[in-house]
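Trainee: Could you take me closely through the aromatic rings of this model, with the criteria behind each term?

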Amino acid sequence: MTISTRLEPDEVAVLESLAQLTGLDRSTLVKQILRRGMADLRFEAASDAYRKERATLSRAAQIAGVDIWEFVARMADHGLELHYGAEDFEADLARLANGP
């Protein structure tokens with residue numbers, strides 16, 4: 001699938017500079033930037049849902065696209081504290097039994 005977008009001249013200059021520094025062609029570099037950006041946005045959305053208690057630990061990890069252990073490892077960097085009670089455990093067990 002092809003997606004096109006317009007960039008500001010200064011953004012194009014940064015893109016060209018990064019392409020030159022990394023030795024990647026522009027298309028490959030844009031894909032790499034987009035994938036990293038999407039991963040970051042997914043983690044932010046998952047962190048927000050977990051912080052607001054709209055998602056359990058396992059659901060937040062699923063939203064983020066990472067396993068639970070990676071989510072837990074990155075929590076401190078995002079100002080999150082682990083809150084995991086019996087209800088969360090039961091919900092996670094049910095989710096695991098029924099699949100994602």
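This is a predicted model: local features need pLDDT of at least 70, side-chain atom pairs count only at pLDDT 80 or more; totals for chains, interfaces and linings use all residues.

Mentor: Both Phe43 and Phe71 are buried, where buried means under 20% relative accessible area, exposed over 50% and partly exposed in between, with a 1.4 Å probe and protein chains only. Residues are numbered from 1 along each chain as its sequence is written, and side-chain values use heavy atoms, with hydrogens and water left out.

The structure holds two aromatic pairs, a pair being rings of Phe, Tyr and Trp (its six-membered ring) whose centres lie within 6.5 Å, with planes under 30 degrees apart counted as stacked, over 60 as edge-to-face and the rest as tilted. Phe43 and Phe71 form a tilted pair, at 4.9 Å centre to centre and with 35° between the planes. This pair links distant parts of the chain, since Phe43 belongs to helix α2 (residues 26-51) and Phe71 to helix α4 (residues 68-75), 28 residues apart; helices here are DSSP runs (H or I, at least four residues), numbered from the N terminus.

The rings of Tyr50 and Phe71 have centres 5.9 Å apart and planes at 70°, so this pair is edge-to-face. Tyr50 in helix α2 and Phe71 in helix α4 are 21 residues apart, and their pair too links distant parts of the chain. Tyr50 is buried, as is Phe71, and Phe43, Tyr50 and Phe71 form one aromatic cluster.

Finally, Arg74 lies over the face of Phe43, at 3.9 Å from the ring centre, by the criterion that NZ of Lys or CZ of Arg is within 6 Å of the ring centre and within 35 degrees of the ring normal.

Notes
Helices (H or I, at least four residues) and strands (E, at least two) are DSSP runs, numbered from the N terminus.
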